[in-house]
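Morning, everyone. Please keep the structure on screen as I talk.

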Amino acid sequence: MLKMWKTEDSVEEWEMKVKLFGGGKVDKLKTSVVSRSSMKLWMIRAITTVLLWTCVVHLLALGEIWGPRLLKSWPSCFSNQDAELTSVPAKLVLPPKRIYKNNGYLMVSCNGGLNQMRAAICDMVAIARYLNVTLVVPELDKSSFWNDPSEFQDIFDVDHFITSLRDEVRILKELPPRLKTRVKLGLFYSLPPVSWSNISYYTHQILPLLQKYKVVHLNKTDARLANNGLPIEIQKLRCRVNFNALKFTSQIEELGRRVVRILRERGPFLVLHLRYEMDMLAFSGCTHGCNDEETEQLTRMRYAYPWWKEKDISSEMKRKEGLCPLTPEETALVLSALGIDRNVQIYVAAGEIYGGKRRMKALASAFPNLVRKETLLGPSDLKFFQNHSSQMAALDYLVSLESDIFVPTYNGNMAKVVEGHRRFLGFKKTISLDRKLLVGLIDRYNKGSLSWDEFSSTVKEAHADRMGSPKARVVIPDKPKEEDYFYANPQECLQLLDEPLRSS
């Protein structure tokens with residue numbers, strides 16, 4: 001470098017002499033010296049360029065190794081919901097495939113509504129993993145009351161489902177061709193597994209069938225795995241599937257985010273899961289507040305569905321036991337008694353309310369800012385979701401997760417699964433209504449034997465510890481239907497603060 005500077009100084013000196021004395025021999029000498037200095041300068045630039053590119057390559061390699069670890073702890077200016085990639089999407093890092101001896105292929109047909117099927121899918125993944133079998137992507141219910149033709153991939157991101165669990169279990173979209181042929185010929189075994197079974201049932205009853213027939217079809221999946229008494233790895237895997245692997249499709253997720261944005265722009269909001277649709281009332285036999293014509297219609301519907309086993313039902317007896325969903329009128333009283341601001345936005349997460357505006361009148365009067373997805377979005381936004389009740393329920397599910405308060409009026413599958421998911425997201429407030437207590441208080445208030453202040457203070461006091469805060473799951477041996485549902489309180493998974501499962 002010093003030589004180069006000296007050469008450049010010499011060139012400048014000679015140029016001065018040329019100007020003073022003219023050309024001649026000095027011209028020739030200048031040309032020779034400049035040519036040599038240009039060659040040296042070119043070589044230095046070339047070597048510098050090579051060195052710089054070498055450094056860049058090494059830095060990129062180091063970045064692949066250390067970058068994710070360093071950047072993972074950096075704060076971000078954007079939430080996961082609002083961040084949008086404007087260039088090349090980030091490289092997807094897949095977990096390594098788990099290698100195991102395959103004991104057969106498990107086909108499953110889910111039954112029920114969206115959230116009943118969601119929990120069942122989690123159970124089936126856990127069972128397939130424990131039995132070391134290959135799971136075929138579950139078939140969704142298309143023949144129940146809702147008559148929804150949606151396939152798995154219409155609701156869930158099927159590729160994410162498969163790849164995110166590849167380190168646990170092998171999942172295929174369909175059977176291999178040779179096994180498809182066997183199934184068409186009837187060379188497989190189909191059965192409904194026993195409800196609330198522990199893992200030993202699957203080890204001793206289902207696994208031998210898989211080893212014998214190679215393909216086993218479980219044709220019912222609701223509540224087929226116990227709440228308690230399972231290995232901790234099974235419980236954690238159920239959570240991983242529920243909170244990480246079961247992502248809705250991008251179309252559903254985007255529409256859900258849009259609804260939440262609209263609500264957030266207007267302020268805080270409460271989601272009311274008002275389970276007062278025709279199917280619920282017919283199935284449960286709960287007709288409190290219905291007229292004679294409606295009661296007759298609901299009864300006919302209950303008898304029309306053979307898989308609804310209970311037919312002769314006393315509505316008032318079930319209501320007094322707290323086994324009926326609250327009516328819209330009862331819900332208005334309860335929300336007011338709890339001290340919910342009458343001007344808060346209330347998003348009604350439900351299908352068509354039985355009785356329509358007539359039954360919603362009291363609730364709309366007490367809380368005038370009632371909204372639904374149909375009122376927040378245009379017809380064009382929902383046109384692809386019409387007549388697809390599970391996809392509509394998926395929208396309600398997403399909005400329910402994001403609400404400031406979630407209040408279900410019945411402890412059905414959506415109420416339970418959303419409650420558990422909100423616990424997982426940081427014990428977000430979920431008010432679990434004590435319906436047995438409430439209907440007694442409501443009747444006394446309506447008869448005038450309780451003042452409003454007495455009614456309200458009793459309701460608040462009774463629900464002070466029913467807000468979704470941490471608690472142990474209630475276990476009742478030999479009575480799984482009466483104990484706390486695993487998916488409502490997945491306590492085994494609520495301390496996983498630093499693991500990838502928690503960040504979903």
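Start with H19 and H20: these two helices are roughly antiparallel to each other. Keep in mind that this is a predicted model. The axes come within 10 Å and cross at roughly 175°. The cut-off for roughly antiparallel is over 145 degrees. On the H19 side, the contact includes Leu-437, Leu-441 and Tyr-445; on the H20 side, Trp-452, Phe-455 and Val-459 are among the partners. That contact has 9 nonpolar residues, 1 polar and no charged.

Next pair: H9 and H17. Their axes are 9 Å apart, at an angle of about 45°. That makes H9 oblique to H17. The crossing is right-handed. Here the contact residues split into 9 nonpolar, 2 polar and 3 charged.

Now the cysteines. How many disulfides does a search of the whole structure find? The count is 2.

One joins Cys-239 to Cys-493, with the sulfur atoms 1.9 Å apart. Cys-239 sits in helix H8, Cys-493 in the segment after H20, and they are 254 residues apart. The link is right-handed, with 85° about the S-S bond. Cys-239 is buried at 2% relative accessibility, and Cys-493 is buried at 0%.

The other joins Cys-286 to Cys-324, again with sulfur atoms 1.9 Å apart. This link is left-handed, at -85°. Both ends lie in loops, so the pair ties together parts that are 38 residues apart in sequence.

Cys-290 is in no disulfide either. Cys-290 is buried, at 15%.

Methods:
Residues numbered from 1 in each chain as written. Predicted model: local features only at pLDDT ≥ 70, side-chain atom pairs only at ≥ 80, totals over all residues. Heavy atoms only, no water. Axes fitted to C-alpha atoms, helices over the stretch in contact; angles between N-to-C directions. Helix = DSSP H or I, 4+ residues; strand = E, 2+ residues; numbered from the N terminus. Parallel < 35°, antiparallel > 145°, perpendicular 65-115°, else oblique. Contact = heavy atoms within 4.5 Å. Nonpolar A, V, L, I, M, F, W, Y, C, P; charged D, E, K, R; others polar. Left-handed = near helix turned anticlockwise from the far one by under 90°. Disulfide = S-S within 2.5 Å. Buried < 20%, exposed > 50% of the residue type's maximum accessible area, 1.4 Å probe, protein only.
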